[in-house]
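Please open the model in a viewer and keep the selection panel at hand.

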2 protein chains.
Amino acid sequence: MKKSILIYSGGLDSTVLLAKLLGEKREVKALSINYGQRHIRELQAAKAICAKLGVEHRVADLSALTPLLAGSSQTDKTVPVPHGHYAAENMKLTVVPNRNMLMLAVAGAWAISLKYDSVAYAAHRGDHTVYPDCREEFCKPLSEALWNADWHHVELERPFLLYTKAEIVKIGALNCAQEIMAMSYSCYEGGELHCGLCGTDQERRAAFRDANVPDTTKYDPKGLLELPDSQLVS
Amino acid sequence: MKKSILIYSGGLDSTVLLAKLLGEKREVKALSINYGQRHIRELQAAKAICAKLGVEHRVADLSALTPLLAGSSQTDKTVPVPHGHYAAENMKLTVVPNRNMLMLAVAGAWAISLKYDSVAYAAHRGDHTVYPDCREEFCKPLSEALWNADWHHVELERPFLLYTKAEIVKIGALNCAQEIMAMSYSCYEGGELHCGLCGTDQERRAAFRDANVPDTTKYDPKGLLELPDSQLVS
């Protein structure tokens with residue numbers, strides 16, 4: 001039985017990946033990283049979903065690094081959260097410097113110490129434009145470095161790399177993960193309800209619409225009224 | 001003027017690299033990682049040397065990761081410190097899982113946020129046998145991943161990769177770093193004096209002897225008596 005560490009944000013993509021790995025009857029442990037985010041709403045979602053699915057969940061606290069990671073709206077409260085389309089120029093403000101290498105390094109350390117087979121993460125096609133460290137030019141050499149980092153080899157799996165977010169939602173529906181998809185959380189605002197207007201929320205809503213899968217996420221009705229589904233950009 | 005983040009343990013190799021980079025008139029900031037080491041003696045040495053040289057020094061605290069990094073004598077107090085030659089099989093116990101990727105990821109994050117040109121670290125030939133993540137098979141792809149991790153490219157520099165420790169001591173002597181080399185600390189025991197007997201201390205003593213550079217490190221006289229210089233293995 002393959003054993004995998006999943007890098008788990010509690011967002012939609014990694015939640016679907018969790019369902020997919022469990023569907024393959026793997027042994028999975030989930031790792032969330034607290035890198036000093038504005039809010040912990042997504043970590044709560046990660047915890048609740050893992051509890052529901054009986055998956056061990058750990059949070060690695062990297063918030064001590066926050067002073068080194070200035071200049072991103074995810075860690076620096078002086079930078080406003082950008083609204084608008086996910087791929088827009090101003091979404092670059094949400095980039096935490098070197099975030100994926102940090103997460104993969106920690107997950108790799110855990111995988112090596114457990115002698116697990118792989119680290120899986122849910123980077124997907126839609127991430128490429130704004131997040132350099134979700135692209136193949138980063139993932140491929142990083143994967144080689146992880147493999148050679150220890151006497152015990154660990155594989156880096158990124159099964160969603162070529163998928164759109166709508167395709168990921170379809171995979172979630174195929175893995176009977178509709179209920180847990182709705183439990184996942186990705187809004188940059190960090191409120192109890194998804195705002196429906198921030199970059200990731202617009203992307204999330206468009207993905208369910210394009211996949212033709214019912215979206216049971218709890219959105220703020222005001223957001224849905226201000227920007228109807230029909231006006232979302234894919 | 002080239003701007004570099006140095007991964008700085010406070011040990012001999014990275015201290016010589018610090019002296020070398022300053023000798024090249026670079027702008028340097030030093031980063032130490034506290035990954036839950038048994039002792040903080042080397043961090044104190046790093047701090048004292050940076051203060052003396054007027055270099056900004058930061059400590060990134062990764063000790064929250066300790067529970068994930070079980071099984072190494074550097075982080076797990078239930079595993080005894082191995083004595084004996086550095087390259088011996090039991091020195092594998094000193095390996096912190098994925099340590100270099102963790103350090104490079106944090107240093108890379110800092111370099112990206114400062115828009116610095118490079119991250120420098122002092123991996124050398126003598127590290128290769130026991131530390132997989134000091135070898136070219138790890139460093140080369142990691143260097144490529146770091147370059148592609150962000151819109152701002154950061155170079156990974158490892159100028160000592162092909163040097164022996166004795167050659168590094170010679171470079172230190174050439175950079176007038178004899179006094180600060182003596183201030184550096186690398187003993188695994190963590191006492192006020194270097195024990196002179198642990199793996200890194202034997203390696204350190206042999207390096208000065210082989211380089212024909214006076215070793216003004218403060219060793220425990222008992223250690224020197226138990227194992228004279230003439231019996232050290234290069």
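Two residues are in contact if their C-beta atoms, placed from the backbone, lie within 7 Å. The model on display is a predicted one.

**First stop: where the two chains meet**

Next, display the strands of chain A. Five of them form an open sheet: its 5 strands run in the order E3-E2-E1-E4-E5, with parallel pairing. The edges are strand E3 (56–61) and strand E5 (155–157) of chain A, each of which pairs on one side only. On average, neighbouring strands of this sheet are turned by 25° against each other, direction ignored.

Now zoom in on strand E4 (residues 118–120) of chain A, which pairs with E5(A) in the parallel sense over 3 bridges. Within this pair, select Ser118(A); opposite this residue stands Glu155(A) in E5(A).

Two packed helices are described by the angle between their axes and the distance between the axes. Select helix H1 (residues 12–23) and helix H5 (residues 165–174) of chain A: they pack at an angle of about 40°, and their axes are 9 Å apart. The crossing of H1(A) past H5(A) is left-handed. To see where they meet, show Asp13(A), Val16(A), Ala19(A) and Lys20(A) in H1(A), together with Ile168(A), Ile171(A) and Gly172(A) in H5(A). This contact comprises 4 nonpolar, 1 polar and 2 charged residues.

**Last stop: two helices of chain B**

Finally, move to chain B and select helix H3 (residues 99–114) and helix H4 (residues 136–147), which pack at an angle of about 25° with axes 12 Å apart. Angles under 35 degrees count as roughly parallel, and H3(B) and H4(B) are therefore roughly parallel to each other. H3(B) passes H4(B) in a right-handed crossing. Display Asn100(B), Met101(B), Leu104(B) and Gly108(B) in H3(B); they meet Phe138(B), Leu142(B) and Leu146(B) in H4(B). The classes here are 5 nonpolar and 2 polar residues, with no charged residues.

Note on methods. Residues are numbered from 1 along each chain as its sequence is written. Chains are lettered from A and ligands numbered from 1 in the order in which they are written. This is a predicted model: local features need pLDDT of at least 70, side-chain atom pairs count only at pLDDT 80 or more; totals for chains, interfaces and linings use all residues. Axes are lines fitted to C-alpha atoms, for helices over the stretch in contact, and angles run from 0 to 180 degrees between N-to-C directions. Helices (H or I, at least four residues) and strands (E, at least two) are DSSP runs, numbered from the N terminus. Angles under 35 degrees count as roughly parallel, over 145 as roughly antiparallel, 65 to 115 as roughly perpendicular and the rest as oblique. A crossing is left-handed if the near helix is turned anticlockwise from the far one by less than a right angle, and right-handed if clockwise. Ala, Val, Leu, Ile, Met, Phe, Trp, Tyr, Cys and Pro count as nonpolar, Asp, Glu, Lys and Arg as charged, and the others, Gly among them, as polar. Two strands pair if DSSP finds at least two bridges between them.
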